[in-house]
Amino acid sequence: MKNRHLLFLLVAIPVSFAGCAKMGPAQGGPEDRTPPEVVATSPSSGTVRVSPGVPVEFEFTERITRESLLTAFACSPPPPGIVRAKIHGKTLRLTFEPSLLEGRTYVISLGTNLSDEHGNGLEETFHLAFSTGDRLDQGMMHGELTDLAGESVKGWFIAGYLLSSEPPD
């Protein structure tokens, strides 16, 4: 009888370890094709009087990759120094060194090549606009283009560029 118990233990113990779970990524199931989405930002888009030293945060539906952020991020106007990005879970936190400038409207864009861990990119570019001043600049000029004779000129596109670090009047 003792030999039967011993034989049972000698067979049962190795068999029970053979059925243990293996470490590693989960197998099976449908392939992830869902793109990440921005679900919250701080500050919110359209906010004015944002402190120039405040970090900017984006909350996503899933984790994004740092590598894709390098080509997906744009800020207009360009910040005065370095932008540091930290990804923790589903949150992207941007800090600016030195701080953003006073009295400016900033638009941060995250392009469609910003992707999750499965390579799924944003469906469309996301724009966050906020101001460190009292108003949000709409980025538009109004007027009429005329020739030297004062006649209206049609079919032209005019763009404006900030050439100085001083805020415009």
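Start your tour by selecting Gly-143, Glu-144, Leu-145, Trp-156 and Ile-158: these lie nearest the centre of the second largest pocket, which has 11 lining residues. A pocket here is an open set of points on a 1 Å grid over the protein atoms alone, where a 1.4 Å probe fits, with protein on both sides within 12 Å along at least five of seven lines, and lining residues have an atom within 4 Å of a point. The volume of this second largest pocket is about 210 Å³, taken as the space filled by probe spheres set on the points, with grid points joined across faces, edges and corners. Its lining holds 6 nonpolar, 3 polar and 2 charged residues. In that division, Ala, Val, Leu, Ile, Met, Phe, Trp, Tyr, Cys and Pro count as nonpolar, Asp, Glu, Lys and Arg as charged, and the others, Gly among them, as polar.

Before moving on, note that you are looking at a predicted model, where local features need pLDDT of at least 70 and side-chain atom pairs count only at pLDDT 80 or more, while totals for chains, interfaces and linings use all residues. Residues are numbered from 1 along each chain as its sequence is written, and side-chain values use heavy atoms, leaving out hydrogens and water.

**The whole chain**

Now zoom out and colour by secondary structure. You will find 2 helices and 7 strands, in the order α-β-β-α-β-β-β-β-β along the sequence. Helices (H or I, at least four residues) and strands (E, at least two) are DSSP runs, numbered from the N terminus. Of the 169 residues in the chain, 25% are buried; buried means under 20% relative accessible area, exposed over 50%, and partly exposed in between, with a 1.4 Å probe and protein chains only. Among contacts with a separation of 6 or more, 62% join residues 24 or more positions apart, a contact being heavy atoms within 4.5 Å.

**The nonpolar core**

Next, select Val-56, Phe-58, Phe-60, Ile-108, Leu-114 and Phe-130. Within the largest nonpolar core, which has 20 residues, these touch the most other members. β2 (56–60), α2 (66–72), β5 (91–97), β6 and β7 each supply at least two residues of this core. Such a core is a set of buried Ala, Val, Leu, Ile, Met, Phe, Trp, Tyr and Cys residues joined through side-chain atoms within 4.5 Å. In soluble globular proteins, nonpolar side chains tend to be buried together.

Stay with Phe-58 and show its surroundings. Beyond four places in sequence, its contacts include Val-38, Ala-40, Leu-92, Leu-94, Ile-108, Leu-110, Phe-126 and Leu-128.

Pick Ser-68 in helix α2. Ser-68 counts as buried because its relative accessible area is 7%. Its side chain has a polar contact of 2.8 Å with that of Thr-65; a polar contact is a pair of N or O atoms within 3.5 Å, where within protein one must be able to donate a hydrogen and the other to accept it, and residues adjacent in sequence count only if both atoms are side-chain atoms. Further along the sequence, Ser-68 touches Asn-113, Leu-114 and Ser-115.

Leu-114 and Ser-115 also touch Asn-120, as do Asp-32, Arg-33, Thr-34, Pro-35 and Pro-36. Find Asn-120 in the loop between β6 (105–110) and β7 (126–131). With 9% relative accessibility, Asn-120 is buried too. A polar atom of its side chain lies 3.4 Å from the backbone oxygen of Thr-34.

From there, step to Pro-35, in the loop between α1 (2–18) and β1. Pro-35 is buried at 15% relative accessibility, and its contacts include Thr-61, Glu-62, Gly-121 and Glu-123.

Select Arg-49 in the loop between β1 and β2. Although not a glycine, Arg-49 has a positive phi of about 60°. Its relative accessible area of 59% makes it exposed. The Arg-49 side chain makes a polar contact of 3.4 Å with the side chain of Asp-134, a residue in the segment after β7. Asp-134 is exposed as well, at 61% relative accessibility. Its C-alpha atom is 5.8 Å from that of Val-48, a residue 86 positions away along the chain.

**Two cis peptide bonds**

Finish with two prolines. The bond joining Ser-42 and Pro-43 is cis, with omega about 5°, and Pro-43 sits in the loop between β1 (38–42) and β2. The peptide bond from Glu-97 to Pro-98 is also cis, with omega near 0°; look for Pro-98 in the loop between β5 and β6.
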